[in-house]
Structures are given as C-alpha cells and as structure tokens.
Amino acid sequence: MEADPTHLEQSFAEDVAPAIKGQRVFVTGGNGFLGQYVVAAFRQAGAEVLAPRSSEVDLTDPHQIAQYLMTHRPDAIVHLAAACGGIGANVAEPARFLYENALMGLQLLEQARLAEVDRFVLISTTCAYPQNAPLPLREDTLWDGPPTGATGPYGMAKRLLHEAVATYEHQYGLRGSVLIPANLYGPGDHFDPANSHVVAAMIRRYTEAARDGAPHITNWGTGQPTREFLHVRDAARAIVRATAFQQGSLPVNLGTGVETSIKSLAEMIAHSAGYLGEIRWDTDKPDGQPRRFLDVSRAQDFGFQAEVALADGLAETIGWYLRSFH
Ligand SMILES: NC(=O)c1ccc[n+]([C@@H]2O[C@H](COP(=O)([O-])OP(=O)(O)OC[C@H]3O[C@@H](n4cnc5c(N)ncnc54)[C@H](OP(=O)(O)O)[C@@H]3O)[C@@H](O)[C@H]2O)c1
C-alpha cells in the first residue's frame with residue numbers, strides 16, 4: 001500500500017507557494033520513499049512536477065537524461081534518486097553504491113547545465129560525514145576526515161557531489177543546494193529486512209512480536225548509541241523550502257537536533273506497537289558509532305524547523321504499517 005503524503009499544513013503552501021508556483025520541477029527518485037512526499041509537497045506549493053520512474057529515465061545513461069531534459073525543460077532538478085539501503089545493502093554492494101551515485105549525480109549536473117536548468121538541489125546523507133566528526137555534526141566539519149565503515153563508499157560518492165554542485169554553481173551559474181537529512185522514517189518506508197533502516201526494521205520486529213505474544217525480543221548491542229530521526233514529511237517540507245529560499249550551495253543539515261538512544265527508540269516502538277514482552281540487549285554484538293546527531297541551525301536560514309515529534313511520528317508509522325501489512 002502506498003503512503004498518503006498529502007497531509008501538509010495549509011500555511012506551508014501559502015508560505016512557499018509564491019516562490020514555487022508555476023515552476024517545472026524534475027524530482028529524480030520521485031517514486032521512492034522520500035520522493036513521494038517531495039512530489040506531493042511541490043505539488044501542494046503549486047509546482048508542475050515531473051517524476052519519471054527509472055524505467056522511463058535511467059540516470060546512469062547520459063543520453064536518456066539529455067533527451068528528457070531537452071523535451072521537458074525543467075526549471076529545477078531535485079535529485080533524490082540513489083542506489084541506497086540499510087547497512088546490509090551497503091556491506092553487500094559498496095562498489096555499485098559508489099559508482100552509480102557518483103555517475104548519476106555527475107551526469108545529471110552536466111546535462112542540467114547543457115539544458116540551462118536554473119536550480120539543482122542535491123539530497124545527500126549524513127554518511128558523508130567523517131566517522132569521528134565532533135558532535136553535534138556541523139556542516140563545516142564535512143571535510144575533516146574520510147567517511148569510513150560500511151557506508152563510507154556511499155558517503156564518499158555523495159561528498160564528491162557536494163563539490164560538484166559547488167563547482168557547477170561557480171563555473172556555470174547553476175544555482176545549487178546540498179541538503180543532508182538525518183535518518184528518515186514514516187509511512188511508506190521500506191520494511192523489507194533486506195533494505196530497511198533501523199526504525200522500519202524495529203517496527204516490523206516489534207509489531208510481529210506483539211501479534212505473536214513473544215515473551216522477549218533481543219536487540220543487537222547495548223542500546224546506548226544515539227541517532228537522530230526526521231519524519232519524512234518534515235524532510236519534504238525542508239526540501240521545498242530550500243528550493244524556494246536557500247541562497248548559495250553550502251551544505252545544510254536537515255533534522256530535529258534531538259538525540260535519541262536506540263534503547264529509547266525501542267521502548268517508544270514497543271509502546272506504540274502494543275508489545276508487552278521483555279526487551280533484551282545482546283551486548284556481545286557490535287554497537288556501531290556511539291553517538292550521531294546534527295547541528296540544525298543553518299536550516300533556519302530558509303525557515304525550516306522540524307514539527308513532527310518522534311513519538312507521534314512513530315505511532316503514525318506503526319498505524320500505517322499495521323493497516324498495510326498485517
Ligand atoms: N531514507 C533515509 O533515511 C535517507 C536519509 C538521508 C538521505 N537519504 C537520501 O534521500 C534520497 C531518497 O532516499 P529514499 O530512502 O527515498 O530511497 P528509495 O526509496 O530507495 O528511492 C530511491 C529512488 O531512486 C531511484 N533510482 C535508483 N536508481 C536509478 C536510476 N539508475 N535511474 C533513475 N532513478 C533511479 C529509484 O527509482 P525507481 O523506483 O523508479 O526505480 C527510487 O525511487 C537518497 O538520495 C538518499 O541518499 C535517505
């Protein structure tokens with residue numbers, strides 16, 4: 001079942017509509033998890049949205065990109081398409097993730113400037129940050145060390161594109177933005193264990209355990225590591241706002257600024273899923289990075305502040321998941 005991404009508040013449309021209305025916006029990856037919400041948000045702001053599937057325009061093929069841009073002449077490209085997934089997918093296919101993400105982004109930029117597109121908005125990832133960057137993660141520390149670990153190649157491809165966006169703006173005047181969302185979650189997320197992220201994976205496990213009356217669930221690690229979670233609807237609002245109002249191509253974090261431990265996340269999901277059994281932690285298993293959260297002050301320059309509280313967003317997502325899959 002598809003998510004319903006249309007519940008955007010009226011004030012949002014009124015605020016950004018004057019800057020967006022009538023613009024033709026090409027959203028790559030517009031049928032993906034984040035893409036559905038971004039497409040809905042641009043439409044609500046009055047844009048004409050183009051969102052072809054990869055079967056219609058394969059972004060690894062420059063000829064298909066060129067033909068599409070020449071035919072449709074978008075004013076702006078919002079580039080969300082990516083080879084991406086959870087940690088397992090990054091471990092399994094690091095070379096493909098590096099190659100396809102670098103290739104799609106570079107080819108799209110080159111064809112965009114040839115087609116005289118005005119605006120290019122890149123959706124990046126916190127995996128582009130150095131492994132040991134100081135906390136909260138600030139945009140000006142992005143180049144202080146390499147992105148490493150399983151998501152390093154994916155993060156490095158995105159980081160190359162940060163530089164490419166800035167360079168194309170400098171040389172060709174293609175107005176760029178680089179947006180770095182925290183971990184996304186919400187209705188319509190990927191719940192398949194092969195490519196799900198932490199929130200969706202936990203929702204699946206805890207709802208199944210609640211349904212089956214399981215006496216306990218064992219999670220990997222200590223539960224102490226922290227992460228930051230942004231509702232996908234907030235992310236979409238931020239992307240439209242940045243497209244409308246951001247000046248300059250300095251990278252911008254998109255998040256809540258709220259640090260949440262994996263243990264708290266598990267407890268919130270258990271509560272909303274109606275799971276009454278014991279929550280156990282297998283401390284022999286690795287924890288991953290100890291802490292991860294963002295400095296979100298720069299996004300205030302274009303008027304973005306997250307609105308969905310984590311507990312509310314989780315309850316909404318669990319409700320959607322149960323209606324869709326149980
Ligand atoms: N999900 C998160 O937690 C998160 C967090 C931070 C940043 N991001 C970033 O946000 C963006 C969207 O993520 P998502 O979770 O929404 O991913 P997703 O659901 O997997 O969507 C990715 C989209 O990319 C498209 N795509 C892949 N290869 C393509 C190709 N060769 N040509 C054209 N399109 C292609 C796919 O189109 P088809 O469906 O038509 O094949 C798909 O809809 C990505 O850039 C990701 O790096 C995501």
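This is a predicted model: local features need pLDDT of at least 70, side-chain atom pairs count only at pLDDT 80 or more; totals for chains, interfaces and linings use all residues.
Which helix and which strand each supply at least two residues of the shell around the ligand? They are helix H2 (33–44) and strand S6 (183–185).

**The ligand shell**

The ligand is surrounded by 24 residues. Gly29, Gly32, Arg53, Ser54 and Ala82 are the closest of them. Sorted by class, the shell consists of twelve nonpolar, ten polar and two charged residues. H2 contributes three residues, the most that any element gives to this shell.

Strands of a sheet pair through backbone hydrogen bonds, and the pairing can be parallel or antiparallel. Here six strands make up an open sheet with parallel pairing, and their order is S2-S1-S3-S4-S5-S10. At the edges are strand S2 (48–50) and strand S10 (251–254), each of which pairs on one side only. Ignoring direction, neighbouring strands of the sheet are turned against each other by 20 degrees on average.

Inside the sheet, S1 and S3 run parallel and are joined by four bridges.

| Strand | Residues |
|---|---|
| S1 | residues 24–28 |
| S3 | residues 76–79 |
| S2 | residues 48–50 |
| S10 | residues 251–254 |

**The nonpolar core**

The largest nonpolar core has 96 residues. Which of its residues touch the most other members? They are Val38, Phe42, Leu179, Ile239, Leu254 and Ile269. For Phe42, the contacts beyond four places in sequence are Ile20, Val25, Val27, Ala47, Val49 and Val240.

**A loop residue**

Val258 lies in the loop between S10 and strand S11 (260–261). Is Val258 buried or partly exposed? Val258 counts as partly exposed because 16 other C-beta atoms lie within 10 Å, whereas a buried residue has 20 or more and an exposed one 12 or fewer. Apart from neighbours within four places in sequence, Val258 is in contact with Glu228 and Leu310. Val258 and Leu294 are 36 residues apart in sequence, and their C-alpha atoms are 8.0 Å apart in space.

How values were computed: Residues are numbered from 1 along each chain as its sequence is written. A residue is near a molecule or strand if its C-beta atom, placed from the backbone, lies within 6 Å of it. Ala, Val, Leu, Ile, Met, Phe, Trp, Tyr, Cys and Pro count as nonpolar, Asp, Glu, Lys and Arg as charged, and the others, Gly among them, as polar. A nonpolar core is a set of buried Ala, Val, Leu, Ile, Met, Phe, Trp, Tyr and Cys residues joined through C-beta atoms within 7 Å. Two residues are in contact if their C-beta atoms, placed from the backbone, lie within 7 Å. Two strands pair if DSSP finds at least two bridges between them. Axes are lines fitted to C-alpha atoms, for helices over the stretch in contact, and angles run from 0 to 180 degrees between N-to-C directions.
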